[in-house]
Amino acid sequence: MRFAFGLSRFESEWLPKWLGPLAKEGWFQTVLFRVKMGKEALVYCCEGPGQELIAAKVYKSRKKRAMRYYGDYTIGRELLASDGMPARSDRRYRNRRISKEEGQRLEEISWVQHEFQTQRLVYDAGARVPRPLAVNDNVILSSFVGDRRGAAPTLQSVTVTPLVAGEVFIQLMEQVALFLSQDRIHGDLSAYNVLVWEEDFTVIDFPQAILASKHPEAFSFLYRDIERLCQYFRKFEVDASPQMFAEEMWKRYRRGELRDLYDTLART
Ligand SMILES: Nc1ncnc2c1ncn2[C@@H]1O[C@H](COP(=O)(O)OP(=O)(O)OP(=O)(O)O)[C@@H](O)[C@H]1O
Ligand SMILES: [Mg+2]
């Protein structure tokens with residue numbers, strides 16, 4: 001594994017440890033550049049064996065994360081272990097008490113696993129999200145949106161004309177409906193988590209995704225996601241009522257109509 005840029009002290013300890021094994025598996029040879037230091041993760045652009053670009057989202061160590069309160073989001077979720085399977089069916093955790101540290105570490109691993117699995121679930125259902133490739137306890141590899149000069153800008157940072165804005169807004173609502181058809185709510189949807197590239201957009205950042213059928217506050221998360229998008233599009237003269245969209249979607253979801261709709265689409 002080679003780095004094409006200078007590393008900070010933290011990175012020179014952390015990256016070989018977590019990216020090294022994935023490089024050994026053959027996913028990439030070179031880490032080209034750092035894209036962004038986010039609140040909980042650092043994102044890098046890597047080069048795969050066929051020169052394709054791969055995004056590596058490397059979670060920070062617990063101490064360095066600006067922690068979201070996981071509990072708000074994780075209600076109804078299984079706690080997942082390193083192999084992506086429920087920890088309760090894991091020999092190492094079954095039939096014994098685990099320490100507080102082990103429990104915390106398991107929560108972090110589960111957080112990353114849920115992001116990967118949600119992304120895979122909605123990607124397979126046809127959602128516009130980066131293609132998930134590989135995962136370990138601290139890293140998610142997926143297809144990179146952008147080029148060698150840098151990552152695609154976020155929707156927040158681009159200007160769109162009212163005509164295009166109306167179209168993009170509707171397409172994003174379709175993504176929200178598609179997530180919901182898979183029993184998921186993004187949970188942190190905003191113009192900051194939508195990348196715009198070559199007249200197309202991609203939704204990113206799924207660790208906090210809500211299990212719609214199991215979370216008692218599911219509707220408020222759906223409403224919040226839709227409300228944030230409506231608010232953003234208002235400055236481009238798109239006048240949509242979050243109440244109407246959220247209630248209509250929820251109604252169809254409860255009746256099982258979203259699932260039917262996307263099952264039909266997936267078959268055609
Ligand atoms: N697949 C990708 N292709 C290109 N860039 C990406 C990709 N995934 C993430 N990024 C870039 O990395 C940034 C952070 O990613 P993400 O939102 O998943 O992490 P985060 O830790 O939640 O960050 P933030 O604190 O900014 O929300 C994104 O805003 C985007 O610029
Ligand atoms: Mg983000």
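A residue is called buried here if 20 or more other C-beta atoms lie within 10 Å of its own, exposed if 12 or fewer, and partly exposed in between, with C-beta atoms placed from the backbone. This is a predicted model, where local features need pLDDT of at least 70 and side-chain atom pairs count only at pLDDT 80 or more, while totals for chains, interfaces and linings use all residues. Residues are numbered from 1 along each chain as its sequence is written, and chains are lettered from A and ligands numbered from 1 in the order in which they are written.

**View 1. Strand 6, tucked inside.** Four of the five residues of strand 6 (residues 139-143) are buried, so the rest of the structure largely encloses this strand. Strands (E, at least two residues) and helices (H or I, at least four) are DSSP runs, numbered from the N terminus. Strand 6 runs antiparallel to strand 4, with five bridges joining them; two strands pair if DSSP finds at least two bridges between them. Look for valine 58, which sits opposite valine 139 of strand 6. On to strand 5 (residues 132-135): three bridges pair it with strand 6, again antiparallel, and proline 132 faces serine 142 across that pairing. A hairpin of three residues links strand 5 to strand 6.

**View 2. Valine 58 and the nonpolar core.** The largest nonpolar core holds 66 residues, and those touching the most other members are Ala56, Val58, Val139, Leu180, Ile185 and Leu222. Such a core is a set of buried Ala, Val, Leu, Ile, Met, Phe, Trp, Tyr and Cys residues joined through C-beta atoms within 7 Å. At least three residues come from each of domain 1 (2-149) and domain 2 (151-267). Leaving out residues up to four places away in sequence, valine 58 touches Leu15, Trp18, Leu19, Ala41, Leu42, Tyr44, Asn138 and Val139.

**View 3. Ligand 1 between the domains.** Both domain 1 (2-149) and domain 2 (151-267) give residues to the shell around ligand 1, so the ligand lies between them. The shell has 20 residues, the closest being Gly38, Lys39, Val43, Ala55 and Ala151; a residue is near a molecule if its C-beta atom, placed from the backbone, lies within 6 Å of it. Strand 2 (30-37), strand 3 (41-47) and strand 4 (53-59) are the elements giving two or more residues. By type, the shell splits into 10 nonpolar, five polar and five charged residues. Ala, Val, Leu, Ile, Met, Phe, Trp, Tyr, Cys and Pro count as nonpolar, Asp, Glu, Lys and Arg as charged, and the others, Gly among them, as polar.

**View 4. Where the two domains touch.** The domain bounds come from an automatic or database domain assignment. Taken over C-alpha atoms, the centres of domain 1 and domain 2 are 24 Å apart. In all, 23 residues of domain 1 are in contact with 26 residues of domain 2, contact meaning C-beta atoms, placed from the backbone, within 7 Å. On the domain 1 side, helix 3 (residues 100-124) gives the most, with eight residues.

How values were computed. Two residues are in contact if their C-beta atoms, placed from the backbone, lie within 7 Å.
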